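Trainee: Could we go through this structure together? I would like to understand what stands behind each label.

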Amino acid sequence: MDLKDVASQYLGRLDPRLMSGVFRYLKKIPFVQERIDQEYEGMMSDLEKVVKPYRGRFETHARIPKKGVAREEILAELEELRSEEASRWKDGFVSGAVYHGDEEHIDFLNRVYALSSQSNPLHSDVWPSTIKQESEIVSMTSHMLGADRIGSEICGVVSSGGTESILLAMKAYRDRARDRKGITRPEMIVPTTAHAAFDKAAQYFNIKQVKVPVTEDSVVIVGSAPSFPHGVIDPIESLSSIARSKKIGFHTDACLGGFILPWAEKLGYPVPPFDFRLPGVTSMSADTHKYGYAAKGTSVVLYRGPELRHYQYYKTTEWPGGLYFSPTFAGSRPGALSAACWASLVSTGEEGYLESTRRILETAATIRTAIEKMPDLHVLGDPLWVIAFASKSLDVYRVMDFMTERRWGLNGLHKPPCVHICVTLRHAQEGVAERFIEDLSAAVDHVRANPGEKGGMAPVYGMAATMPVRSLVGDMLERYMDLLYKV
Ligand SMILES: Cc1ncc(COP(=O)(O)O)c(C=O)c1O
């Protein structure tokens, strides 16, 4: 009997919240803790083989080497690793992850990075070039997202990614509400499909997450355009107008859609209003390192007016190190990433974004239509390019396992169990959509014909979804992260 069986047999019918409490107590009993540790060790040693494929093939550097390794040797190792890893994403097997990936574009960004590799916007006097580039990134993004067509000022900052943009915005709302309204127990209203970054913000900044209704302590309502799991655009117009009528903020998370939806709208796709043209939208996040086609490590967070942005900033006047300020969480930052981001926006241009968006959306429509025709699968919602599918008759995680065997890297989701593909320019290459459809159809046939087959990730997803004690799932993730840092 394994851990999951024990858990479901003995604990399955009880209240999960109550069980979490009971379980915390049970874990203090040495025998129970020992048994759990054994189970985890078995699970982690299986995973270790997958997570650490280079053990024994390349030298392990657990300590700084006595004598530095020759540069050529290091470069040769990195070349080998790159050529081994690149083909999977380059050939379009991976959902999301690399949004552009054409060789010429990458080479260009690498040259830009090399030219600016020492730059740090913390030292604005030494590198005013980075300051110029960042202010222009913010301005270009804000104009793309409605600033052109409204009277009020849209401002923002460049952050390190979607999660940081979201954390920064939530901190700004919390601090403004404390300052302006004396709210000391802030709440945010968040749909369950919003990205995990909002939960992270809630944990870090002590903001209570509320699903509905809006209360006196609400400081912000959140909507996604679109959401990561199912690519669904929340009803931003009505949610932001509720926020406005209650005089609280509204954040549109357009991390995934910020650099697709404006162009999709221009191409004539049915895009509901989601940006600053809606008067209730007071902040937005849009990721340049996704469909802005920049290198990894940049995103933009925007605010309606400078007041909210002020609540995001950090400054101190008392530090012996001098008057210190930093607009985002980091102190020193990689100016070269901002330079590469700026170069991506400027070199792609409106025409480039329109053309890329057209190719992505056409590819996604081909994939979606084919899935809709597969009798055992159905598409969730009415997505444009993030296509989640589920099955009433088959274990969809086993369908995903079959796809993994054919090199595909899809995303397994839960609540409800489904799988998604986030379509990028990699999938718009010739023949990729057709290969996906062929493989998916073979996967469905295989799973239907072999109902009893075991193995793969399906049991792990199944366990994560059904384990009645949520803290066990959390423990499992902690151990997995520990494993990632094991040399
Ligand atoms: C809707 C949405 N919001 C936020 C994020 C977080 O972005 P990042 O992984 O860059 O932190 C993502 C990432 O996929 C996303 O899809």
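Mentor: Gladly; keep in mind that this is a predicted model. Let us begin with Glu-372, which is partly exposed at a relative accessible area of 43%.

Trainee: Why is Glu-372 called partly exposed?

Mentor: Buried means under 20% and exposed means over 50%. The 43% of Glu-372 lies between those limits, so the label is partly exposed.

Trainee: What makes Arg-368 buried or exposed?

Mentor: Arg-368 has 19% relative accessibility, and the limit for buried is under 20%, so Arg-368 counts as buried.

Trainee: How do you know that Arg-368 forms a salt bridge with Glu-372?

Mentor: The closest N and O atoms of the two are 2.9 Å apart. A salt bridge needs a side-chain nitrogen of Lys or Arg within 4 Å of a carboxyl oxygen of Asp or Glu, so this pair qualifies. Arg-368 and Glu-372 are four residues apart in helix H12, so about one helical turn separates them.

Trainee: Which parts of the chain does the salt bridge of Asp-439 and Arg-406 link?

Mentor: Their side chains meet at 2.9 Å, N to O. Asp-439 is in helix H14 (residues 432–449), while Arg-406 is in the loop between helix H13 (396–405) and E12; the two are 33 residues apart, and the pair links distant parts of the chain. Asp-439 is buried at 8%, whereas Arg-406, at 37%, is partly exposed.

Trainee: What makes Lys-171, Arg-174, Asp-175 and Arg-178 one network?

Mentor: Salt bridges that share partners join these residues. The structure holds 29 salt bridges.

Trainee: How do you know that Glu-307 and Arg-176 form a salt bridge?

Mentor: Their side chains meet at 3.3 Å, N to O, and the limit is within 4 Å, so the contact counts as a salt bridge. Glu-307 sits in helix H11 (residues 306–312) and Arg-176 in helix H7 (residues 162–181), 131 residues apart. Glu-307 is partly exposed at 28%, and Arg-176 is partly exposed at 21%.

Trainee: Let us turn to the strands. Why is strand E1 said to be largely enclosed?

Mentor: Six of the six residues of E1 (residues 154–159) are buried, so the rest of the structure largely encloses this strand. Ile-154, Gly-156 and Val-158 point one way, Cys-155, Val-157 and Ser-159 point the other way, and all are buried. In a regular strand the side chains alternate between the two faces of the sheet.

Trainee: What makes E1 and strand E7 a pair?

Mentor: Two strands pair if there are at least two bridges between them; E1 and E7 (residues 299–304) have six, so they pair, and the sense is antiparallel. One of the contacts is that of Gly-156, whose bridge partner in E7 is Leu-302.

Trainee: Why do strands E10 and E12 stand at the edges?

Mentor: Four strands form an open sheet in the order E10-E11-E13-E12, with antiparallel pairing. E10 (378–379) and E12 (411–413) each have a single partner strand, so one side of each is left without a neighbour in the sheet. Two bridges join E10 to E11 (residues 386–390), and the bridge partner of His-378 in E11 is Ala-390. Helix H12 (residues 335–373) lies across E10, E11 and E13 (418–422), at about 10° to E11.

Trainee: What is noted about the backbone of Asn-206?

Mentor: Asn-206 has a phi near 60°, a positive value in a residue other than glycine. Asn-206 is in the loop between helix H8 (196–205) and strand E3 (208–210). At 65%, over the 50% limit, Asn-206 counts as exposed. Tyr-293 also has a positive phi, of about 65°, but at 2% relative accessibility Tyr-293 is buried.

Technical notes:
Residues numbered from 1 in each chain as written. Predicted model: local features only at pLDDT ≥ 70, side-chain atom pairs only at ≥ 80, totals over all residues. Heavy atoms only, no water. Contact = heavy atoms within 4.5 Å. Axes fitted to C-alpha atoms, helices over the stretch in contact; angles between N-to-C directions. Buried < 20%, exposed > 50% of the residue type's maximum accessible area, 1.4 Å probe, protein only.
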